[in-house]
Amino acid sequence: MTGDETGVEIVDAELAGKAAPLVERLVADQAATKLAANDATLWGPDAESEASIRLSWTSLHKSSRPLIGEIEALRTELRSEGVDRVVLAGMGGSSLAPEVIAGTSEVALTVLDTTDPGQVADALAGDLERTVLVVSSKSGGTMETDSHRRIFAKAFADAGIDAGRRIVVVTDPGSPFSELAEKEGYRKTFLADPHVGGRYSALTAFGLVPAGLAGADVARLLDQAAAVAGILGSDSADNPAIKLAAAWAAAHEDGAEKVVLADTGSGIKGFPDWAEQLIAESTGKLGTGLLPVAVEGPDAPGFADAKSDATPVAIGAPEGAAKIAVTGPLGAQFLLWEFATALAGRLLGINPFDQPDVEAAKKATRALLDDPEKLKGGETASNVDGAVEIFGSEGVATEGKLADVLRAFFGSAPEHGYVAVQAYLDRLDDASTALLRGEIAKRTGLQTTFGWGPRFLHSTGQYHKGGHQNGNFLQVTGAVAEDIEVPDRPYTLGQLQHAQALGDGQVLAEHGRPVLRLHLTDRAAGLAELVRAVQEVGE
């Protein structure tokens, strides 16, 4: 297979043999044609009501065509006014797909899926005279996105710019956000297909509008998806979605519930981060599911040395330890992975369209924000080592040097468990934090995921509470140098970020999972100390 061809190769012969009966089952059940026909009965009676309003993504390569002209017309208008900088405020599927599309197309798109004041300040520091803000939210109630909208509207007004002319909305028809957009007189509202969930929305207005306004050729994405739609909706053993779903499910049955994703020269930028949300939120529930682990490349720890609890998947050529390789252009890959994930849900016996455990962290965050005293309470560190304050959930040892604390924490993980690093920091200025993933994986031998908070809450957050309960959670928070007020809200961005970390940690602890939070009183110094401590763990 070449990068221009779309397909799935099960490289590992043993895995191919175990997947074969599941391929036959899906073909015999006519699962692919039923999925393409939007048959909501595929996942059982408990899932039918949800599935019945979540399947329009299968034909977006046709139904999204009218958007192309609208996007191009607005882009031309904006450019004629000297507005050529696109900032996207969105979380989960509303940001991950546009980021991949823009990155792959090599067009500039500033993505705000953070509550870190420093990162938001960086976006505000750009040339507002040239800026359009795209606010993407199905309902408009997403706390992070609403905060970004409020902050940018004030910044535009303070700069003497008509905020209404510089804000574009992507939302569902009839949503509270569409009503607000009309009331506020925002530049344009794009209405997405309401029968598509966020993680399946790459080819809806949520994926296409921000990337298209930034200059990506989004019509080509729809062409690429259309080219493979026929085979993906066919009951054939050669259907790549059937092959991928069967391989995942066969590996899962054999104890490999982790799926390690590495790019091997696909030309697609950041695809594992998009696939991570799709797989984790869709399958991680009822105590089962597939945990996606996005790694740096085929030589990375976790991929090159994957054990029996993980399946290395190459996005591109089948390099290194890959047991599965998936090829194809971006538009085709979007549709292929969506079909495969939905079909894997059938084999795993779960509903791939709900996210029953996501709301718990949001509720905990709101409770903390509603009670400032509670947010301040319980903040006495159990231990301090240099610029790192150490907090632990019940049963987590916090005594001794930071390296000793980490060694004990990692050592408490089950044999085939995993470590989730959750960094509530600035994805740009604190980018080196991501190095922790490989360092921890190398020194512990455990599959290790890395997520920027709070964006991972809209991604792997569902799996953490609903999937296999064998994770240890390392939270990294940091002192805020300069906070940002959220207009007409009783909290700042820094307080929101802090509440999100504490709220999610609280919910994880209630699930009986170990949570270790390291708070960096000086971000640069604390990060350096943390990396050194992790390096000492394996010595």
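## About the model

The model is predicted: local features need pLDDT of at least 70, side-chain atom pairs count only at pLDDT 80 or more, and totals for chains, interfaces and linings use all residues. Residues are numbered from 1 along each chain as its sequence is written, and side-chain values use heavy atoms, with hydrogens and water left out.

## The nonpolar cores

Let us start inside. A nonpolar core is a set of buried Ala, Val, Leu, Ile, Met, Phe, Trp, Tyr and Cys residues joined through side-chain atoms within 4.5 Å. Buried means under 20% relative accessible area, exposed over 50%, and partly exposed in between (1.4 Å probe, protein chains only). The largest nonpolar core has 96 residues, and the members that touch the most others are Trp57, Trp248, Trp274 and Trp337. Helix H15 (residues 330-348) gives the most to this core, 13 residues. Helices (H or I, at least four residues) and strands (E, at least two) are DSSP runs, numbered from the N terminus.

Beyond residues up to four places away in sequence, Trp57 touches Leu35, Val196, Tyr200, Leu335, Glu338, Phe339, Ala342 and Phe353; contact means heavy atoms within 4.5 Å. A second, separate core has 30 residues, including Val87, Leu128, Ile484 and Tyr491.

Next come the open spaces. On a 1 Å grid over the protein atoms alone, a pocket is an open set of points with protein on both sides within 12 Å along at least five of seven lines, while a cavity is a set where a 1.4 Å probe fits but cannot get out; lining residues have an atom within 4 Å of a point. Grid points are joined across faces, edges and corners, and a volume is the space filled by probe spheres set on the points.

The largest pocket has a volume of about 770 Å³. It is lined by 34 residues, and Lys138, Thr142, Val358, Lys362 and His458 are the closest to its centre. Helix H16 (358-370) is one of the helices that each supply at least two lining residues, and H16 gives the most, with six. By class, this lining has nine nonpolar, 16 polar and nine charged residues. Here Ala, Val, Leu, Ile, Met, Phe, Trp, Tyr, Cys and Pro count as nonpolar, Asp, Glu, Lys and Arg as charged, and the others, Gly among them, as polar.

The second largest pocket holds about 530 Å³. Of its 22 lining residues, Asp273, Ala294, Ala434, Phe450 and Trp452 are the closest to the centre. The classes in this lining are 11 nonpolar, five polar and six charged.

## Enclosed cavities

The whole structure has four cavities of 30 Å³ or more. The largest has about 100 Å³ of space, and among the residues that line it are Gly302, Asp305, Glu415, His416 and Gln447.

The second largest cavity has about 40 Å³ and is lined by Val358, Ala361, Lys362, Leu457, His458 and Lys465. H16 supplies the largest share of this lining, three residues.

## A closer look at Asp146

Asp146 sits in helix H8. It counts as buried because its relative accessibility is 12%. Its side chain makes a polar contact of 3.0 Å with the side chain of Arg149. A polar contact is a pair of N or O atoms within 3.5 Å; within protein, one must be able to donate a hydrogen and the other to accept it, and residues adjacent in sequence count only if both atoms are side-chain atoms. Leaving aside neighbours within four places in sequence, Asp146 is in contact with Gly140 and Arg489.
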